[in-house]
Amino acid sequence: YRMLLGYDAYHQMRDAHHTMGPLLYYAWTLVGYFLLLNLFFAILNGALERTKKSLPKVSFWANIVSFALSSQRWFARVLHDRIALGSLAAMDSKIGKLPISGLRNEPQKFLFDAYLLEKDAMASRLVRTRASRSHARAAETESQVVPGKQMEILETRLGQLVGTLTLLQRSNDHAPRAKQRQRAANESYTHKPL
């Protein structure tokens with residue numbers, strides 16, 4: 001066993017027998033290292049078994065179904081966001097195709113106001129759906145919480161609600177301000193007689 005701890009007896013064994021000495025040396029060293037490796041893996045396996053026993057048991061198919069449903073929800077969210085952002089970009093391009101505010105006639109001014117209101121409505125819908133998703137996720141995690149952490153989760157959720165309300169307030173305040181800015185810009189570009 002001293003050979004496994006670093007004692008080198010190779011030269012002594014080779015001097016004792018030219019063929020069998022090195023053969024026995026390498027065989028004994030290999031067997032000793034496999035024994036130590038086996039001991040190491042036994043320790044790891046024991047820790048793994050204890051960890052497995054402490055986890056809740058979930059069937060394989062329940063795990064697959066859970067993964068499929070969460071993937072479907074994630075894909076639907078991503079698809080909805082992409083469509084909504086694409087609609088906002090399309091509205092921006094429609095607004096960009098109109099002439100500058102000083103050169104617009106009455107129907108074009110009406111179209112500009114309609115496009116701007118529709119864009120603001122789309123943006124507020126997107127903010128609301130994102131907020132409702134975050135509230136749904138918070139409700140899901142709340143049901144899986146250890147009782148000691150409920151206060152922390154409530155504080156986090158309250159912070160999310162305040163942030164969402166702030167975003168909604170800003171998006172609702174944005175539409176009247178945009179109209180006021182547009183009217184002021186139209187008035188400043190209109191030709192005034194001398």
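A contact here means heavy atoms within 4.5 Å. This is a predicted model, in which local features need pLDDT of at least 70 and side-chain atom pairs count only at pLDDT 80 or more, while totals for chains, interfaces and linings use all residues. Residues are numbered from 1 along each chain as its sequence is written, and side-chain values use heavy atoms, with hydrogens and water left out. Of the contacts in the protein chain between residues at least 6 apart in sequence, 61% join residues at least 24 apart.

**Fold and surface**
- The protein chain has five helices and zero strands (DSSP runs, numbered from the N terminus: helices are H or I, at least four residues; strands are E, at least two).
- Buried residues (under 20% relative accessible area, with exposed over 50% and partly exposed in between; 1.4 Å probe, protein chains only) make up 19% of the 194 residues.
- The protein chain exposes about 15,500 Å² (Shrake-Rupley method, 1.4 Å probe), and carbon and sulfur atoms supply 65% of this area.

**Nonpolar core**
- A nonpolar core is a set of buried Ala, Val, Leu, Ile, Met, Phe, Trp, Tyr and Cys residues joined through side-chain atoms within 4.5 Å.
- The largest one has ten residues, including A84, L88, F112 and L126.
- Two or more of its residues come from each of α3 (60-97) and α4 (106-143), and α4 gives the largest share, five residues.
- Not counting residues up to four places away in sequence, L88 touches K119, M122, A123 and L126.

**Helix α2**
- L37 is found in helix α2 (residues 20-54).
- L37 counts as partly exposed because its relative accessibility is 39%.
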